[in-house]
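Thanks for coming. I have a short walk through one structure today, so please have the sequence and the 3D view open.

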Amino acid sequence: MILENLRSALEALAGNRLRSVLTLLGVMIGVFAVTTTISLGAIATAGITGQLQSFGNQALFITPNEDNPASTAFDDADVDALSRIPVNVLRQRSVRGVARVGTEEAPLSVNGVTANAPQVDRTIKLARGRYFTEAEDRRAAPVMVLSPDARDALFPVGANPVGREVSVTVGASRTFYTVIGVKEPLTGAFSFAASASADIPLQTLYLTYPAVTRGEYPFLPVTVSLERDLRDVEAQVDAVLTRRRGADTFRIQTIEGALTLFNTITTILQAVLGGIGAISLLVGGIGILNIMLVSVTERTREIGLRKALGARKGVILQQFLIEAVVLTLVGGLVGLGAAVGALYLAVALVPFLDTVVLSPWTLLLGLFVSVATGVVFGVWPASRAANLSPIEALRYE
Amino acid sequence: MRPRPGDAGSAPRPPVIDARALDKVYVMEGGFEVRALRGLDLQVDRGEYIAIMGPSGSGKSTLLQILGCLDAPTSGSYRLAGQEVAHMDEDALAEVRNRRIGFIFQAFNLLSRASAVRNVALPLMYRGVRAGERTERAAAALARVGLADRLHHRPNELSGGQRQRVAIARALVTEPDILLADEPTGNLDSRTGEEILALFDAIHREGRTVLMVTHEADVARRTERIVHILDGRVEASVRVEVGAP
């Protein structure tokens, strides 16, 4: 009986192909939206986590406590004390200026860092040339390593900037630097941080820009080797800085913290997009409702005949429910297919998404939602059909 | 007239249709009432071949609906094959329709999307017969009405006469106690109508009970008894002389 009902449902839907397709469009879009948002969240999280792991180091980021007016920048003694834990601490100061090569001109952020920067920040990889050495730092050599954005802004495509001179104007002072290296583009999760910048030795920065106070650091990036427990290290850092500076004068941020923030954003996004999905499912469901009511009216005589031949209410109810569910299920399957396609496309196009994560639960949820839409919005038309009086129905023109 | 059960010299078997004092009142919009049947009595023995005639508005359609268990009388008693069906609920009536009654409509009422054999198998499905057996019995019923070679044709691939044959096969397939036909030749040309009536004659000769609503005297004269309905009552019940023109 169910099979026969399924068969007549398919025949009825195939008999009105255009109408059926238009009707299932709403459900399709709803299921597509719901499935895509859920999976996209999972994929993005997996991408970010993977990127952080490929970073190869555990990282902390120490800043002064902005809520505490007494909290000041960090000094060299702080860095030395932390280095004894031991952790890698990067001393870094920045100035902003305008870079010029020939007629090309671009704003540039100039970062004075110590020569161990590539060890502390593992995202630093060189496409050309080399990083500066400790000796160059000590003697304040006028050398710079360009970020890819800075190179693109200042040099023609394909040109090798290594060995060329760049003039940088900061305030009234103009200084010439020799380019010794170009960094690889930042990939994955960090690519949003890309900007036109250049690394120079910290001592060079101090020498060139006397307005920058020596030995004062507005933040301290710290990395810890993977073998060590990050929480232990965090506790040690906390103890060292508390002893030296007093409690509540600094904040320690971890990547985990950043991940939590990221997860919060993802969740909000999912909620918003999921809400859109729910609304389109509702609209799709109303479409189903409408088309099923039309279908019941159109087939009043058929219903009357079936009743005359001995169909009970329940059977007619089942027939029209199956029809609604088949409609939404097909819409759901098409929506799921489109969602899977869209996810692969997204992973192929968006740099920080690595792999397609498709939980079977998500797919099941998509199917369940489509079936539920069919049942919820099919029940009323189906019960209207089931409750038709056979004589009235047979007489219907 | 043949003696009726309950009359002196009662028949050995109870009538297949025993309707007594049937009243049917329709309450129309606005609250006024229409009495379609006014204490109608009708008894039909097994194997009878009956024509029901009457002007429009006489109540013959209402009678057919009640005899077909499509509608319940407002009051009165209707025993079908010994079972009181006048006040059953809807699902019970559905089962009675399925098991005891075969309908043949003027407009054939076939499912346009289904093949002949599936149309005929439909009432068996509602009875819960398994698919294989359904098809077998439907094919046999179609063979009986001369459509053994049209099993998988859809209604739109069949002529009007063939469609009505499919409908007759559908009515026969459940081996019902009574066949109810509502103007079965009304949508057919006279030659095809003649073929269909010959089929009804043959079905009757096999011992089936056939009630046919018609407004054509020629058609009615082929039956054994003509029941004239007027103003919701049986006005006359006339036996047709065998061999009448």
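I will go through the chains, then the contact between them, then a helix pair and a strand.

Please keep in mind that this is a predicted model.

Let me start with chain A. Chain A has 397 residues, and 37% of them are buried. Its secondary structure comes to 13 helices and 13 strands. If you take the contacts in chain A with a separation of 6 or more, 82% are between residues 24 or more positions apart.

Now chain B. Here we have 245 residues, of which 46% count as buried. Chain B contains seven helices and 10 strands. For contacts between residues at least 6 apart in sequence, 67% in chain B join residues at least 24 apart.

Next, where the chains touch. Chain A gives 18 residues to the contact, and chain B gives 18 residues. On the side of chain B, the elements that supply two or more residues are α2, residues 90-100, and α3, residues 116-126. The largest share of that side comes from α2(B), with six residues. Sorted by class, the side of chain B that touches chain A has eight nonpolar, three polar and seven charged residues.

Back to chain A for a helix pair. Two packed helices are described by the angle between their axes and the distance between the axes. How do α11(A) and α12(A) pack? Helix α11(A) covers residues 313-349 and helix α12(A) covers residues 360-386; the angle is about 150 degrees and the axes are 7 Å apart. An angle over 145 degrees counts as roughly antiparallel, so α11(A) is roughly antiparallel to α12(A). Their crossing is right-handed. As for the residues in this contact, 20 are nonpolar, 10 are polar and one is charged.

Last, a strand in chain B. Is β8(B), residues 209-213, mostly covered or mostly open? Mostly covered: five of its five residues are buried. In a regular strand the side chains alternate between the two faces of the sheet. On one side of β8(B) are Thr209(B), Leu211(B) and Val213(B), on the other Val210(B) and Met212(B), and all are buried.

Which strands pair with β8(B)? One is β3(B), residues 49-53, which runs parallel to β8(B) and is joined to it by four bridges. In that pairing, Ile50(B) stands opposite Leu211(B). Another is β7(B), residues 178-182, which pairs with β8(B) in the parallel sense over five bridges. There, Asp182(B) has Val213(B) as its bridge partner.

That is the end of the tour.

How values were computed:
Residues are numbered from 1 along each chain as its sequence is written. Chains are lettered from A and ligands numbered from 1 in the order in which they are written. This is a predicted model: local features need pLDDT of at least 70, side-chain atom pairs count only at pLDDT 80 or more; totals for chains, interfaces and linings use all residues. A residue is buried if 20 or more other C-beta atoms lie within 10 Å of its own, exposed if 12 or fewer, and partly exposed in between; C-beta atoms are placed from the backbone. Two residues are in contact if their C-beta atoms, placed from the backbone, lie within 7 Å. Ala, Val, Leu, Ile, Met, Phe, Trp, Tyr, Cys and Pro count as nonpolar, Asp, Glu, Lys and Arg as charged, and the others, Gly among them, as polar. Axes are lines fitted to C-alpha atoms, for helices over the stretch in contact, and angles run from 0 to 180 degrees between N-to-C directions. Angles under 35 degrees count as roughly parallel, over 145 as roughly antiparallel, 65 to 115 as roughly perpendicular and the rest as oblique. A crossing is left-handed if the near helix is turned anticlockwise from the far one by less than a right angle, and right-handed if clockwise. Two strands pair if DSSP finds at least two bridges between them.
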